[in-house]
Amino acid sequence: MIVEIQKRFSDFDMYTHVNSAVYFTYFEYARIVALGQIFQKVSDTIWFVVAKQSCEYLEPILFNDIVFVELKIEKIGKSSFDISYIVKNDNKIFAKGLTTLVAIDKHTKKATPLTSDILNYLSKIC
């Protein structure tokens, strides 16, 4: 899935490029666009929490750059899954990232197996 990012003036730092911390906000936005429907469907019983996140910065994003985030489900475990991101446009790859999300039972606050509904939804994004 590919999600267009609308940059904000506040995304930029004194060096006139997107600040490194903002890339994680771009990952989060793309994740919500891609997975928000399933997050909402199971939110009464399951929460998804970030267990690990990384970003490899390759090119700075400048003010006039158009930016997209391509995301894919890379690995699905019993109660977690990995999402990879490529921050790019037609000419450049700005960054690559990875997030591990864990399904948590809302009541026990412990990891819980991914349901068949969640697994079916994730398989459509692979």
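Contact here means heavy atoms within 4.5 Å. Everything in these legends comes from a predicted model.

**Figure 1. Arg in the interior: R31 and its surroundings.** R31 sits in helix α1. Leave aside the neighbours within four places in sequence, and R31 is still in contact with G36, F39, V50, Q53, L71, I83, Y85, T99 and L101. R31 is buried, yet no salt bridge goes with it. The nearest side chain of opposite charge belongs to E28, and that one is 4.8 Å away. A salt bridge needs the nitrogen within 4 Å of a carboxyl oxygen, so E28 does not qualify as a partner.

**Figure 2. The whole chain, for orientation.** Two helices and five strands make up the elements of the protein chain, and along the sequence they come in the order β-α-β-β-β-β-α. The C-alpha trace spans about 45 × 25 × 20 Å along its principal axes. Of the 126 residues, 39% are buried. The chain exposes about 7500 Å², with carbon and sulfur atoms supplying 54% of that. Take the contacts between residues at least 6 apart in sequence: 66% of them join residues at least 24 apart. As for confidence, the mean pLDDT is 95, and 99% of residues reach 70 or more. Strand β4 (residues 80-88) has the highest mean among the elements, at 98, while helix α2 (residues 116-125) has the lowest, at 90.

**Figure 3. Inside the largest nonpolar core.** This core has 35 residues, and the ones touching the most other members are L35, F48, I61, F81, I83, V87 and I118. At least two core residues come from each of β1 (2-5), α1 (22-42), β2 (46-57), β3 (67-76), β4, β5 (93-105) and α2. Helix α1 gives the largest share, 10 residues. Zoom in on L35: not counting residues up to four places away in sequence, L35 touches F81, I83, L101, Y121, L122 and I125. As background, nonpolar side chains tend to be buried together in soluble globular proteins.

Figure 4. The structure holds three salt bridges, and one of them pairs R8 with D11. Their closest N and O atoms are 2.7 Å apart. How accessible are the two ends? D11 is buried, with a relative accessible area of 0%, whereas R8 is partly exposed at 44%.

**Figure 5. D117 and K41, helix to helix.** Here the side chains of D117 and K41 meet in a salt bridge, 3.5 Å from N to O. The pair links distant parts of the chain, with D117 in helix α2 and K41 in helix α1, 76 residues apart. K41 counts as exposed because its relative accessibility, 55%, is over 50%. D117, at 38%, counts as partly exposed.

**Figure 6. E70 and K88, strand to strand.** E70 and K88 form a salt bridge whose closest N and O atoms are 2.6 Å apart. E70 belongs to strand β3 and K88 to strand β4, and 18 residues separate them. Both ends are partly exposed: E70 at 23% relative accessibility, K88 at 22%.

**Figure 7. H107, out in a loop.** H107 lies in the loop between β5 and α2. Is H107 buried or exposed? H107 is exposed, with a relative accessible area of 61%. H107 and F94 are 13 residues apart in sequence, but C-alpha to C-alpha they are 39 Å apart in space.

Key. Residues numbered from 1 in each chain as written. Predicted model: local features only at pLDDT ≥ 70, side-chain atom pairs only at ≥ 80, totals over all residues. Heavy atoms only, no water. pLDDT = per-residue confidence, 0-100. Helix = DSSP H or I, 4+ residues; strand = E, 2+ residues; numbered from the N terminus. Core = buried A, V, L, I, M, F, W, Y, C linked by side-chain atoms within 4.5 Å. Buried < 20%, exposed > 50% of the residue type's maximum accessible area, 1.4 Å probe, protein only. Lys, Arg positive; Asp, Glu negative; His and termini not counted. Areas by Shrake-Rupley, 256 points an atom, 1.4 Å probe, with all protein chains shown as cover.
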